[in-house]
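Student: I have a structure open and want a quick tour. Can we go through it together?

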Amino acid sequence: MQKTGKRKITSQMDLFEGEWKEFGQTMSGADVYCVTNGQVSQEWLSDCEEERVLTSRLMDKIADIRNLEQSSRQVVANGGSPGVDGMTVKELKPWLSRHWRELQQELLSGRYKPTLVRGVKIPKAKGGSRQLGIPTVKDRLVQQAVHQVMSNRYEQIFSETSYGFRPRRSAHQALLQSGRYIEEGYCWLVDIDLEKFFDKVDHNRTMWMLSRRTGDKRLLKLIHQFLKAGMLEGGIISQRIAGTPQGGPLSPLLSNIILDELDKELERRGHRFVRYADDLRVFLRSEASASRVMESITYFVENRMKLKVNRIKSKVCKNNATNFLGHGFLADGRLFLSKESEARLKQKVRVITKRNRGISLGQLLSELNRVLRGWLNYFRYAQMKSRLKALESWIHRRIRCYRLKQCKRAIGIYRFIRKQGVPEWRSWLLAGSSKGWWRLAGSPVANEAMNNQWFKEIGLFTLLENYQRLELEETAVYVSTHGGVRGR
């Protein structure tokens, strides 16, 4: 079995070499791969050859027990659902302590076989569904171990303006860098949308790219098996011939390796761009330049990278007409909250505060606070004071509506409102009303009984107050670091 595996990977590598020769002959002007006359760059070839020599024993580092233990801690911290074998993340550490030698030998000898992934579809915010592939916990452990070792090497060559799925980089950094480009006058954007990127990645081309800088054939064989692993969904097993479904620790790294080719091409052309995973924005000074770049980049992506650009969603637009990571951009580069992001938050609040849920107010607030706190932490840099005030008022009314319905009968409403210090006759005025719950929640009496102080007492996370606190903290840090006042 071991010899068969070696022959298979050798044959696969021959295929990659053939594709490489064809690819090198068609390249024209890319500094990464070629010199100006279209011939393959000998400097790049030498770098790749040196890198393959240095990475000829990468599997030894991946199978090292210290790397496997670190990987297990990360998988447990990430959580997630079980795969097709039903094993949970809580069972991983005990399993590893008993079987680490066996796992190590399988990895080093090339005998490790990935299991089927569990297919799950989740709805997208803008309609449609996203295909997820959930590997078993053991496969997640191995993928994370591979990720930890390979990312250390690839981080040295990735672009500075690529921010998705990378250590010590975040969506906030991508947004702030985009704002700086707009502030410098690059206010026309090329918004490139890759159509079902994770579903359409070409396996052979991915392996070719990996083989350029990775010399350990055991590792290449393992990654190839992960890419080809079948998917179990609805009791039906399907074989994957393309794509790297989201859900495993290895997919984000592979996506960055694949799209790094696009980053290098944009850098070669001298463009200002920001990429977060498969979400790309190129910044230019004029509409004419942006239109030319849109056409040339689309050609590069579809003909060179063998990916598909969604021409309906991709567009050339001004800075205030784009939605990048849930934000829009003002003329001076500052961020504002997009309408889509506000609508998504409202939908989450509606689900949590639905009047017929039958849970206690304390449980409702616990769920709501968790959502509001995470949402504000992500959108903390957006200009949205007035919108937060209106949004908070709407959330208060939702909670008032829920609390009044908890009282059930008129006498219950009267007692609750009276307890909040409202005069007796006004309490009966609200309790005896025949209006619906939403109308009652917006009445002056309900606002008097359940005012801002009442919401603080019951422990509701206040959006506007915490937004202003975060703004003051950021200003204080900036002043202490730079010695000046910064406009948010």
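Tutor: Let's take confidence, then the sheet, then a few single residues. Keep in mind that this is a predicted model.

Student: What is the mean pLDDT of the protein chain?

Tutor: The mean is 86. Of the residues in the chain, 88% reach 70 or more.

Student: Where does pLDDT stay under 50?

Tutor: Residues 1-31 are one such stretch. The model still gives that stretch 46 contacts beyond four places in sequence. Residues 34-38 are also below 50, with 11 contacts beyond near neighbours in sequence.

Student: How should I read coordinates where pLDDT is low?

Tutor: Not in detail.

Student: Okay, the sheet. In which order do the 4 strands of the open sheet run?

Tutor: The order is β2-β1-β4-β5, and the pairing is mixed.

Student: Which strands stand at the edges?

Tutor: β2 (129-134) and β5 (236-238). Each has a single partner strand, so one side of each is left without a neighbour in the sheet.

Student: By how many degrees are neighbouring strands turned against each other?

Tutor: On average by 35 degrees, direction ignored.

Student: In which sense do β1 and β2 pair?

Tutor: Antiparallel, over 6 bridges. Strand β1 covers residues 117-123.

Student: And what stands opposite V120?

Tutor: L132, in β2.

Student: Where is A277?

Tutor: In the loop between β6 (272-276) and β7 (279-284).

Student: Is A277 buried or exposed?

Tutor: Buried, because its relative accessible area is 7%, and the cut-off for buried is under 20%.

Student: What about phi of L325?

Tutor: Phi of L325 is near 55 degrees, and this residue is not glycine either. L325 sits in the loop between β8 (315-318) and β9 (327-329). L325 is buried, with a relative accessible area of 15%.

Student: Last one, Q148. Which helix is Q148 in?

Tutor: Helix α6, residues 137-154.

Student: Buried or exposed, that Q148?

Tutor: Q148 counts as buried, because its relative accessibility is 11%.

Student: Which residues does Q148 contact, leaving aside neighbours within four places in sequence?

Tutor: Q148 is in contact with N67, Q70, S71 and Q74.

Technical notes: Residues are numbered from 1 along each chain as its sequence is written. This is a predicted model: local features need pLDDT of at least 70, side-chain atom pairs count only at pLDDT 80 or more; totals for chains, interfaces and linings use all residues. Side-chain values use heavy atoms; hydrogens and water are left out. Helices (H or I, at least four residues) and strands (E, at least two) are DSSP runs, numbered from the N terminus. Buried means under 20% relative accessible area, exposed over 50%, partly exposed in between (1.4 Å probe, protein chains only). Contact means heavy atoms within 4.5 Å. Two strands pair if DSSP finds at least two bridges between them. Axes are lines fitted to C-alpha atoms, for helices over the stretch in contact, and angles run from 0 to 180 degrees between N-to-C directions. pLDDT is the predictor's confidence in each residue, from 0 to 100.
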